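Thanks for coming. I have one structure to show today, and I will keep to what can be read from it.

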Amino acid sequence: MNCLFCKIIAGDIPSTKVYEDELVYAFRDINPQAPTHILVIPKAHIESVNAVSADNSSIVAHIFEVIAKIAREEGLENGYRVVSNCGDHAGQTVHHLHFHILGGAELNTQM
């Protein structure tokens, strides 16, 4: 597979790991858009939100448990944003489901 995130999970591409368990891998974004910018990805290759199904939705639920844990550990008590781009027109550049945790400062409220 020629997926950037699958290569990161496999250790073929270095990353700054924040969290890992049997289902999820989280690492710091190399081009942060906020003081705290962490990507949380399933280890199983799921292309995007559009590919979430009854068969894999438990992984996504687990990801949100992990997001809350990471946010606490990162000290994001004043709030944070969770973003997942779905498809090319939304700006999804890596076609492996991922969630951005953005925080550490007051974020722009314009979408």
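Predicted model: local features only at pLDDT ≥ 70, side-chain atom pairs only at ≥ 80, totals over all residues.

Helix 2 comes first. It runs over residues 57–73, which makes 17 residues. At 1.5 Å a residue it should span 24 Å, and its end C-alpha atoms are 25 Å apart, so the two figures agree.

Which residues of helix 2 are buried? They are I59, V60, H62, I63, V66, I67, I70 and A71. An α-helix has 3.6 residues a turn, so residues three or four places apart point the same way. You can follow that spacing through much of the list, for instance from I59 to I63, then to V66 and on to I70.

What covers the buried residues of helix 2? The cover includes strand 1 (17–20), strand 2 (24–28), strand 3 (36–42), strand 4 (80–83) and strand 5 (99–103). Just after helix 2, G75 has a positive phi of about 75 degrees.

Now the cysteines. How many disulfides are there? The count is 0. For C3, the closest cysteine sulfur is in C6, at 3.7 Å; a disulfide needs the sulfurs within 2.5 Å, so that pair is too far apart for a bond. C3 counts as buried because its relative accessible area is 8%, under the 20% limit. C86 has its closest cysteine sulfur in C3, 15 Å away, which is again too far for a bond. With a relative accessibility of 27%, C86 is partly exposed.

Next, the largest pocket, with about 320 Å³ of space. Its lining has 20 residues, and the closest to the pocket centre are L4, F5, D29, I30 and L39. Where does the lining come from? Helix 1 (4–10), strand 2 and strand 3 each give at least two residues. Helix 1 has the largest share, with 3 residues. By type, the lining of the pocket holds 9 nonpolar, 9 polar and 2 charged residues.

T16 sits in the loop between helix 1 and strand 1. Its relative accessible area is 48%, so T16 is partly exposed. Setting aside neighbours within four places in sequence, T16 is in contact with A26, F27 and R28. T16 and I38 are 22 residues apart in sequence, and their C-alpha atoms are 9.5 Å apart in space.

K43 is in the loop between strand 3 and helix 2. Is K43 buried or partly exposed? It is partly exposed, at 25% relative accessible area. Beyond residues up to four places away in sequence, K43 touches I9, E20, D21, E22, L23, V24, Y25 and H96. From K43 to F5 is 38 residues along the sequence and 8.6 Å in space, C-alpha to C-alpha.

I46 also lies in the loop between strand 3 and helix 2. This residue is buried, with a relative accessible area of 4%. Leaving out neighbours within four places in sequence, its contacts are A51, V52, N56, H96 and L97. I46 and H95 are 49 residues apart in sequence, with C-alpha atoms 8.1 Å apart.

Methods:
Residues numbered from 1 in each chain as written. Heavy atoms only, no water. Helix = DSSP H or I, 4+ residues; strand = E, 2+ residues; numbered from the N terminus. Expected span 1.5 Å × (residues − 1). Buried < 20%, exposed > 50% of the residue type's maximum accessible area, 1.4 Å probe, protein only. Contact = heavy atoms within 4.5 Å. 1 Å grid on protein atoms, 1.4 Å probe; cavity = no way out; pocket = protein on both sides within 12 Å on 5 of 7 lines; lining within 4 Å. Points joined across faces, edges and corners; volume = space filled by probe spheres on them. Nonpolar A, V, L, I, M, F, W, Y, C, P; charged D, E, K, R; others polar.
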